[in-house]
Amino acid sequence: MSQHQPKIDLSGSPASVPGFSVGHAALESRYSGVSVVLSPPGTVAGVEVMGSAPATRQLDGLSPGFWDGEVHAVCLTGGSSFGLDAAGGVVAWLEEQGQGIKLGEFTLPKVPSAVIFDLPLTQGQGRPGAETGRAACQAATRGVMARGSVGAGRGATVGKLFGLSQAMKGGLGGASLSVGELKIGALAVVNAFGDIKDETGRLMAGARKAPDSLELADTAAWFLAGGQRSAFQPPDNTTLGVIATNALMDKNSACKVAAMA
């Protein structure tokens, strides 16, 4: 039996792991934004894409079979495909800091990026760009991560059983775990179809029974009771996650951790 007992910190995040930092930036007039995880030199990354309609940038090189697994930041953003422009600001900021793969006289930052579909909440106007990505980098800190309707979680919603009019706000959260010298920090942007439960299984947020009600419908119970609804269109549900650790892993191991998560 290990002499080290796991310690969970519900205020933790990837910034709880030495060398990592997290920053958020928002489109003040629109419910959308960007979150960035900055990583220390030599960070190896893997990826698992499970969604049916991903909007991503530079994720393919993190899969097994590609030699280049080093990353310098991860960019998560709202704005669907339009929001991928935010990654350009992250890349430019990293280059200015001299961070990236050195190829001759060039410095090439690698910034895997992914988006959530939050356009319905912004009527299509919430489109973070390079300036928002840069602002998230400038705001990055190794302190306690802000959470809730911040950064990429600013436009997230949950509980869409009856459509957006009876949904609730989602957002961004995180936690960390330490076991002896091993440290793990996680961040999640939850823009899910279903409901949110706490660690005891109690409903915290989700589909509401009526547009003017805060009473929760319990999506799972509704389906188990025989409820039926039309196909899930448009595909506006996304969950993004980043896990940081000081464990020594190659890219294949990192991909396995991502798949398990």
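1. Asp198 sits in the loop that runs between strand E13 (196–197) and strand E14 (203–205); strands (E, at least two residues) and helices (H or I, at least four) are DSSP runs, numbered from the N terminus. The model is predicted: local features need pLDDT of at least 70, side-chain atom pairs count only at pLDDT 80 or more, and totals for chains, interfaces and linings use all residues. Residues are numbered from 1 along each chain as its sequence is written, and side-chain values use heavy atoms, with hydrogens and water left out.

2. Asp198 counts as buried, at 18% relative accessibility, where buried means under 20% relative accessible area, exposed over 50%, and partly exposed in between (1.4 Å probe, protein chains only). Its side chain is joined to that of Thr200 by a polar contact of 2.6 Å. A polar contact is a pair of N or O atoms within 3.5 Å; within protein, one must be able to donate a hydrogen and the other to accept it, and residues adjacent in sequence count only if both atoms are side-chain atoms.

3. Asp198 also meets Arg202 in a salt bridge, 3.1 Å from N to O. The term requires a side-chain nitrogen of Lys or Arg within 4 Å of a carboxyl oxygen of Asp or Glu, and the count by this rule comes to three. Arg202 is exposed, at 51% relative accessibility, whereas Asp198 is buried.

4. A further salt bridge links Arg134 and Glu96, whose closest N and O atoms are 2.9 Å apart. Because Arg134 belongs to helix H4 and Glu96 to helix H2, this pair ties together parts that are 38 residues apart in sequence. Arg134 is partly exposed at 24% relative accessibility, and Glu96 is exposed at 53%.

5. Lys209 and Glu215 form another salt bridge, with 3.1 Å between the closest N and O atoms. Both partners fall in the partly exposed class: Lys209 has a relative accessibility of 47% and Glu215 one of 46%.

6. Helix H2 (residues 86–96) contributes the buried residues Ala86, Ala87, Gly89, Val90, Val91, Trp93 and Leu94. These pack against several elements, among them strand E3 (32–38), strand E5 (73–77) and helix H4 (130–138). Just after H2, Gly98 adopts a positive phi of about 75 degrees.

7. The largest nonpolar core comprises 17 residues, and Val22, Val37, Leu76, Leu187, Val189 and Leu240 have the most contacts inside it. Such a core is a set of buried Ala, Val, Leu, Ile, Met, Phe, Trp, Tyr and Cys residues joined through side-chain atoms within 4.5 Å. Strands E12 (182–191) and E15 (238–245) are the elements that give two or more residues to this core, and E15 supplies the largest share, three residues.

8. Apart from neighbours within four places in sequence, Leu240 is in contact (heavy atoms within 4.5 Å) with Leu76, Ala114, Val115, Ile116, Leu187, Ala188 and Val189. A second, separate core has 15 residues, including Ala25, Val34, Ala86 and Leu94.

9. Leu103 lies in strand E6 (residues 101–103) and is partly exposed, with a relative accessible area of 44%.
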